[in-house]
Every structure is written in structure tokens, then in C-alpha cells.
Amino acid sequence: MEDFVLSYVVTGLAFWSTAFLVMRALMPKRSYEFCNRAVSTMHAVAAVCMACLSVQEWSCPVCPLNAPSSPRQMKSLAVTLSYMIYDAACCHLNGDVRLDNTVHHLVSIVGIGAGLAYQRCGTEMMACMFITEISSPLLHLREMLKELGVKDTDLNLLVDILFAATFSVGRMVGGPYLTYVTLTTDYPILIKVFCNQTRRRTKQISRRSAP
């Protein structure tokens, strides 16, 4: 594993934690979950941007397959790894110790860590990050609007429609394709487990996001 990876993880962990504390200070009347969702939205937007910037050839966004990870891909994955560690700790401190949520964080951390350790499959992992995070800002915004009292309005309806569209296209179209590619190619077993867990998480979110 490259030396800069650990530095990015530690720095990222400090950044997300500080961002959460700032949110709590700026919005003392908002709930713990609201502030965490604000930080999660920041990461989702950053993750989508990093995934787009890591594409080597837009004519084939998921090429090359099973290739060595580029420094940019590894830095992006290190940032997301730091967020997953932060989010796991944040949920635990808030008493959210549901089994599915815990397994999601654990497998994601191990899967991303494996990708960084093997220094391979950066393209596929960045594609996975794009697919899983493209709808996340809208997912969090839906819940935040509820706490803000903005419900049954045109804005709420617009967010619902945009979330349904991005979630369906990203996770119901791109997700199965990426899962098939990953499971049918000679990848390290931990990468395959990470991919399969991401697919299962998609089904869980789909059920919980229903109106």
C-alpha cells in the first residue's frame, strides 16, 4: 500500500469529524442525524466528482478492468474509506447498531481496504462508488426536508422524483452490470464480497426509501 494512502485516510477522518462538529455548532436545534446527513451529503457529492475525474476514457468509463489502480483512484478511495470509518463511528455513537448497518460499514471498509492493499480494480471500485453515491444526496435531502417541515410540497415531490430516477438508473441498471462484471472476472475474493454486499445494500435502501 502506498504511503500516501494512510495520510489521506487519517486526514479525511479528521476532516469528516470536524465537519460534523461544525454542523452541530452551526445548527444546534437540528438533530444528530440531520447533521450527520449533511456531512454524508458532502461526501456523496465529493465521491461522485472524484469518480468522474478518475475516468480514463469516457468512451468506456469502466475500462480497463482488473488493472492496477492509478494514484488518483487510490486517493479517492482513501477519502471514501475515511468517510466510512467516520460514519460507522458516528452511527455507533448515536446508538444505531442495527446489524445490517453494521455489516454494511464493516464490509465496505474491508472491501475498500482490500482494493487499496491489492492496488488493483480501481476502475471498478470507482464505478461502484459513482453508482452508490449518485442518488445519495437526494436520499439524504428527502430525510432532511422532513425534519425541516417541508413535506407534501412541490419541492419535496421534485426531490422524490429525482431520487427515484437517479436511484433506478444507477443501482438498478449500472449496479447489476457492474456486479456481473465483478463476479465473472478473476478478482480478489474480498473485492467480490464487497461488490455483492453493495448489491444487497441497494435492495435494502430500495425497500426503505419507498414512500
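**A tour of the cysteines and of T123**

Begin by selecting C60 and C63, which form a disulfide with their sulfur atoms 1.8 Å apart; keep in mind while looking that this is a predicted model. With the sulfur atoms in view, look along the S-S bond of C60 and C63, where the torsion is about 40°, so the disulfide is right-handed. Show the surface next: C60 counts as partly exposed because its relative accessibility is 23%, and C63, with a relative accessible area of 30%, is partly exposed as well.

Move on to C91, which takes part in no disulfide, the nearest cysteine sulfur being that of C90, 6.2 Å away. A sulfur pair has to lie within 2.5 Å to be called a disulfide, and by this rule the count comes to one. C91 is buried, its relative accessible area being 12%, and if you then select C121 you will find a residue that also counts as buried, at 1% relative accessibility.

From there, go to T123, which has its place in helix 5, the helix that covers residues 122-133. T123 counts as buried because its relative accessibility is 8%, under the 20% cut-off. Which residues is T123 in contact with, leaving aside its neighbours within four places in sequence? Select Q56, P61, V62, C63, P64 and Q73 to display them; among them is C63, the disulfide partner of C60 with which the tour began.

Finally, colour the chain by pLDDT, which averages 85, with 87% of the residues scoring at least 70. Over residues 202-210 the pLDDT is below 50, and this stretch has 14 contacts in the model beyond near neighbours in sequence.

Notes
Residues numbered from 1 in each chain as written. Predicted model: local features only at pLDDT ≥ 70, side-chain atom pairs only at ≥ 80, totals over all residues. Heavy atoms only, no water. pLDDT = per-residue confidence, 0-100. Contact = heavy atoms within 4.5 Å. Helix = DSSP H or I, 4+ residues; strand = E, 2+ residues; numbered from the N terminus. Buried < 20%, exposed > 50% of the residue type's maximum accessible area, 1.4 Å probe, protein only.
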